[in-house]
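Please keep the viewer at hand as you read.

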Amino acid sequence: MSHRPISDYALLSDLHSAALTSRDGSIDWLCFPRFDQPSIFGRLLDDEAGHWSIRPAGEYRVRRRYHPGTLVLETRFESEAGAVVLDDLLATGANERGHELGAEAPHTLIRRVRGLKGRMTLEIVYEPRPEYGIIQPLLVPSDEGILARGGAVVLHLSSPVGLEIVDSSARAEVTVERDQELTFALQYRSSAESSPESWRPGEIDGRIGETLRAWESWSATHQKYDGPWKELVHHSGRVLQGLTYFPTGAMVAAPTTSLPEVVGGSRNWDYRFCWIRDASFTLDALWVAACPDEAAKFFSFMAGAAASHLRREAGLQIVFGVLGEHDLTERELPHLRGWRHSAPVRIGNGAWSQTQLDVYGELLGSASLLRKELDGMDEGTRSFLAGAVDGAAARWNETDHGIWEIRDRKEHFLFSKLMCWVALDRGIMLSEFLNVSSERVQAWEKERHAVREAILTDGWRDRAGAFTQSFGSEDLDASSLVMPIVGFLPADDPRMRATIETIASQLVDERGLVRRYRSDDHMDGEEGSFLLCTFWLAQALALAGELDRAKEVFERAAGHANDVGLLSEQVESGSGELLGNFPQAFSHIGLVNAAWTIAEAEREAGR
């Protein structure tokens, strides 16, 4: 139901699309065939927007976990009478392994019930509602299941249980005995394609095995990190991989839309798109948590999607659709009430037309880190990256909307200047790889010096005792913590130490989590504390040699993961409840990078 805690949900992914399933066995969010397509099940945002639940009929206890090394979910229901386990997954292509995970997707949601002991009666409710709940499809019995048609969507549910159809809903009650299995498969097709055929139990079981092996193979092939919090880092790596759209290499910020930053408020945004910033940070985190063999594909995707903007000297668009779409015009869906009546529900994202200068730095920072993975990069992509350095050189002294996408104004945001410095610094480091002339490098060096002087002069405020949000402002901003992380200043520089301590005392809530800022952004309500910023604080403290404090901050932030290790964007300070789109790439990126930074600092300190 649309009032269920966000922490109740677990992620399923086939690297094309995603689903969220609740602790009581309800698929309340599913978008086929891509992350950003209209939902098939949308009860996450409105009780009438569709779901598919398989749950015990009476009282029960529940435990759940992911099968090791996978994003295949196992939910165990127990009662006095018996116990069953429910396996949920989005099927991968047949015979996929390691580097091929996500290469194909049958666009099929599989659910399997296995009796463990005694007997348990289950209730099954199937209510598909395509196009964000607008359509109530026609449900008709078919061979081995139910066919649903409505709008542009055809769905086929293969079911071993006969379901009673009433209007656009189907229901059943079934008792499962020990060692009994029931397997279900929900297949998607567009109305232009032929209707899918039923999958029989043996074929469904085969697909479950293939999906398990594909994820296990990917984890075994890619995941080499062996430092502290190893399991958390590896799991976050799988989550970040699960947010990748395999066909293009695009990476979505989250698989959901309009989960609010303030309960009942309007800070509700669609995150199912590829932000340059988030995707670059994701690649950086995968460098730690997994072999990022998607790196070259991502930069090629960016070159194709964004290079036209560079040629028109219109700046670099900051966010794209997963196929490289430019126009992400934002609109509201007034028929949806929103999670806990947090309206409006939005699709699209108006940030696509914003100016955000930091993206140059994220791109070049990631390219520098992943240099070894980019040897096969074509000349067009190299030219695109060199053009991004030129963009930073030409535009760093302009105002923009900043990393936090402030909608009502532009300012000289310090973080934007910092990341332009990163673009120039890494561009100079990569100049030979990018095949640029010595004259061009000299121009970059001149601008790098100018940016640095501007930050040191105009970014520091004596009254605040810190580097602040924007030039001339006294407002603190947690993004200043990134300065030592990207190598602009050492963490033990007196100004940097003062900034770290000021943020740690003035932007931290009663739970010890860090807020992004406290300045007025002219939006309603006070948002929660930001998990990425808290992980940034842990990194900065580690770089400053404060290892015990860094570990404490890290564990405080990581401790807000739900029972299956997923993090949202924010945490409500009073209740500790997870807020914002879920699971959030930024938060898992922060966890991975902070763990690695602490591990490196401990190694250097001989601990």
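The lining of the largest pocket divides into 17 nonpolar, eight polar and five charged residues. In these classes, Ala, Val, Leu, Ile, Met, Phe, Trp, Tyr, Cys and Pro are nonpolar, Asp, Glu, Lys and Arg are charged, and the others, Gly among them, are polar. Before going further, note that this is a predicted model, in which local features need pLDDT of at least 70 and side-chain atom pairs count only at pLDDT 80 or more, while totals for chains, interfaces and linings use all residues. Residues are numbered from 1 along each chain as its sequence is written, and side-chain values use heavy atoms, with hydrogens and water left out.

**Pocket and cavities**

On a 1 Å grid over the protein atoms alone, a pocket is an open set of points with protein on both sides within 12 Å along at least five of seven lines, whereas a cavity is a set where a 1.4 Å probe fits but cannot get out; lining residues have an atom within 4 Å of a point. Grid points are joined across faces, edges and corners, and a volume is the space filled by probe spheres set on the points.

The largest pocket has 30 lining residues, and Asp284, Leu369, Ile485, Val486 and Gln539 lie nearest its centre. Two or more lining residues come from each of helix 3 (276–289), helix 5 (359–369), helix 7 (414–429), helix 10 (482–485), helix 12 (531–543) and helix 14. Which helix gives the largest share of this lining? Helix 14 does, with seven residues. Helices (H or I, at least four residues) and strands (E, at least two) are DSSP runs, numbered from the N terminus.

There are three cavities of 30 Å³ or more.

| Space | Volume |
|---|---|
| Largest pocket | about 780 Å³ |
| Largest cavity | about 350 Å³ |
| Second largest cavity | about 60 Å³ |

Around the largest cavity there are 24 lining residues, with Trp269, Tyr271, Trp404, Glu405 and Arg516 nearest its centre. By class, this lining holds twelve nonpolar, three polar and nine charged residues. The second largest cavity is lined by residues including His401, Trp404, Phe413, Gln469 and Asp477. Its lining divides into six nonpolar, five polar and one charged.

**Helix 14 and its partner**

Two packed helices are described by the angle between their axes and the distance between the axes. Helix 2 (residues 230–242) packs with helix 14 (residues 585–604) at an angle of about 145°, and their axes are 9 Å apart. Here axes are lines fitted to C-alpha atoms, for helices over the stretch in contact, and angles run from 0 to 180 degrees between N-to-C directions.

From helix 2, Leu232, Val233, Ser236, Val239 and Leu240 meet Ala585, His588, Ile589, Leu591, Val592 and Ala595 of helix 14, where contact means heavy atoms within 4.5 Å. This contact has nine nonpolar, two polar and no charged residues.

**A salt bridge and some loops**

The whole structure has 48 salt bridges, each a side-chain nitrogen of Lys or Arg within 4 Å of a carboxyl oxygen of Asp or Glu. One of them joins the side chains of Arg43 and Asp28 (3.3 Å, N to O). Arg43 lies in the loop between strand 4 (39–41) and strand 5 (51–56), and Asp28 in strand 3 (residues 26–31), so the pair ties together parts that are 15 residues apart in sequence.

Most residues other than glycine have a negative phi, and most peptide bonds are trans. His341, which is not a glycine, has a positive phi of about 60°. His341 sits in the loop between strand 20 and strand 21, and Pro344 is in the loop between strand 20 and strand 21 (346–347). The peptide bond joining Ala343 and Pro344 is cis, with omega about 5°. Another cis bond runs from Phe582 to Pro583, with omega near -15°. Pro583 belongs to the loop between strand 26 (578–579) and helix 14.
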